[in-house]
Structures are given as C-alpha cells and as structure tokens.
Amino acid sequence: MISETFKNYFDDVKCSDELITLFDYIENHLTKEVPTKAININHFVFASLTVKESYAYKRLYSCLRSIDMLNAQEVLYRSLQKNSPTVPSNKIIYDAKLQEIFNKAKEEFKKYGHYNANGTISSDYVLLAILSDDANIMKEMFSRIGLTYNMLLEKVKSGNIIERNNDIEEDDLDEETE
C-alpha cells in the first residue's frame, strides 16, 4: 500500500503502475531494511537500480553496462546504510529535494509525455528530472558511468523501453570482471 504522502505529490497527474510499485518498494521494503527519517533521491535511484519492472530500471539497463549498474547500486546501498538512523521513523516523509524532483518530473512529463502511450507519468520521467538537475550528486554519478539527460531523453522519445544499447556488449563485462 502506497502512502498518502506519495499520492499527494502526484495528485494532479495519473501515475503509472510501475511508478507506484517502485515507491511501494521504497516505502514498504527498503525503509524497513534501511530505516530513514526521510525518503530522498538516493532511495529513488537505488530502487530504480533494483526494481526490474520499473521503466527507470529498463531505461538504465538500455543505456548502461550491467557492471556499472551493480556498482552504483552497491555504493548507494552502503550510503543508505551509513546514513540510516538508529531509531526508524514511523511516518513516511519525502525530503525537500525529492519533492523538487517530483515537480521537475511533472514538467518533463508535460514536455515529453506524448511519447508515453498510456498517458501516465512513469519512473523514467523522475529519472529525467534527476538528470536535468544540476544541483544533484546523482546527475554526477550517472555522468561518470556514461548516462546523460539527452541519452535518456532519446530512449524516452523512442518509446522502446527495453532495447539494449548496441555499444554495450556483455563480452566487455567478462573482460572487466576477470
């Protein structure tokens, strides 16, 4: 069950089922495993790298090497653990920066939502908002592993959610892990 807090941020647009599933994972699973006082961008990005059903995961998978996704996921999880309070909060709240990202996601959806066949805001629009925000460490992290706003935007515009980047070959991953 998703919180009323989440629903209030998107009360003026219809959310995709996968976006609701992503935030259900954050609110009802991740925050139990790694307690927090406020859900932030790190939680969203970690969930995007974890919940394979989300459009954000599928877009990331189509743009990045698997090893980079796993490394980013591991770094984010450690960061979430490090910043976890000893006493968890019983109330679900979202920090101010994530609320700002939600508003930017709505703007992205207004600009590019016509590429979305079902007319709902999805997790890839939140990811676009993160990548468009210059005052955001996640943008820098994604840039370091090869993901830019324009690259993700092209994937959104293509409408193809799971197409793997032709420049990424799994053989390259084998060489890196040996």
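**Figure 1. V34 in the loop between α2 and α3.** In this predicted model, residue V34 sits in the loop that separates α2 (17–33) from α3 (41–48). The residue is buried, because its relative accessible area is 2% and the cut-off for burial is under 20%. Leaving aside residues up to four places away in sequence, V34 touches Y77, L80, Q81 and S84.

**Figure 2. The contact of helix α6 with helix α7.** Helix α6 spans residues 96–112 and helix α7 spans residues 123–132. The axes of α6 and α7 lie 8 Å apart, and the packing angle is about 110°. Angles of 65 to 115 degrees count as roughly perpendicular, and α6 and α7 are therefore roughly perpendicular to each other. The crossing of α6 past α7 is right-handed. On the α6 side, the contact is made by I101, K104, A105, E108, F109 and Y112; on the α7 side, by Y125, V126, L128, A129, I130 and S132. By residue class, this contact of α6 with α7 consists of nine nonpolar, one polar and two charged residues.

**Figure 3. The contact of helix α7 with helix α8.** Helix α7 also packs against helix α8 (residues 137–144), at an angle of about 95° and with the two axes 7 Å apart. This arrangement, too, is therefore roughly perpendicular. From α7, the residues L127, I130 and L131 meet M138, K139 and F142 of α8. The contact of α7 with α8 comprises five nonpolar residues, no polar residue and one charged residue. Residue I130 of α7 takes part here and also in the contact with α6.

**Figure 4. The aromatic pair F23 and F102.** Nine aromatic pairs are present in the structure. In the pair shown, the ring centres of F23 and F102 are 5.5 Å apart and the ring planes meet at 70°, so the geometry is edge-to-face. F23 belongs to helix α2 and F102 to helix α6, so the pair ties together parts that are 79 residues apart in sequence. F23 is buried, with a relative accessible area of 0%, and F102 is likewise buried, with a value of 0%. Both residues also belong to a cluster in which ring pairs link F6, F23, F44, Y94 and F102.

**Figure 5. The aromatic pair F109 and Y125.** The rings of F109 and Y125 form an edge-to-face pair, at 5.3 Å centre to centre and with 90° between the planes. This pair connects F109 of helix α6 with Y125 of helix α7, 16 residues apart. F109 is buried at a relative accessible area of 14%, and Y125 counts as buried at 2% relative accessibility. F109 and Y125 are also among the residues through which α6 and α7 meet.

**Figure 6. Setting of the close-up views in the protein chain.** The secondary structure of the protein chain comprises 10 helices and zero strands. Of its 178 residues, 49% count as buried. Among the contacts between residues at least 6 apart in sequence, 72% join residues at least 24 apart.

Notes
Residues are numbered from 1 along each chain as its sequence is written. This is a predicted model: local features need pLDDT of at least 70, side-chain atom pairs count only at pLDDT 80 or more; totals for chains, interfaces and linings use all residues. Side-chain values use heavy atoms; hydrogens and water are left out. Axes are lines fitted to C-alpha atoms, for helices over the stretch in contact, and angles run from 0 to 180 degrees between N-to-C directions. Helices (H or I, at least four residues) and strands (E, at least two) are DSSP runs, numbered from the N terminus. Angles under 35 degrees count as roughly parallel, over 145 as roughly antiparallel, 65 to 115 as roughly perpendicular and the rest as oblique. A crossing is left-handed if the near helix is turned anticlockwise from the far one by less than a right angle, and right-handed if clockwise. Contact means heavy atoms within 4.5 Å. Ala, Val, Leu, Ile, Met, Phe, Trp, Tyr, Cys and Pro count as nonpolar, Asp, Glu, Lys and Arg as charged, and the others, Gly among them, as polar. Buried means under 20% relative accessible area, exposed over 50%, partly exposed in between (1.4 Å probe, protein chains only). Rings of Phe, Tyr and Trp (its six-membered ring) pair if their centres lie within 6.5 Å; planes under 30 degrees apart count as stacked, over 60 as edge-to-face and the rest as tilted.
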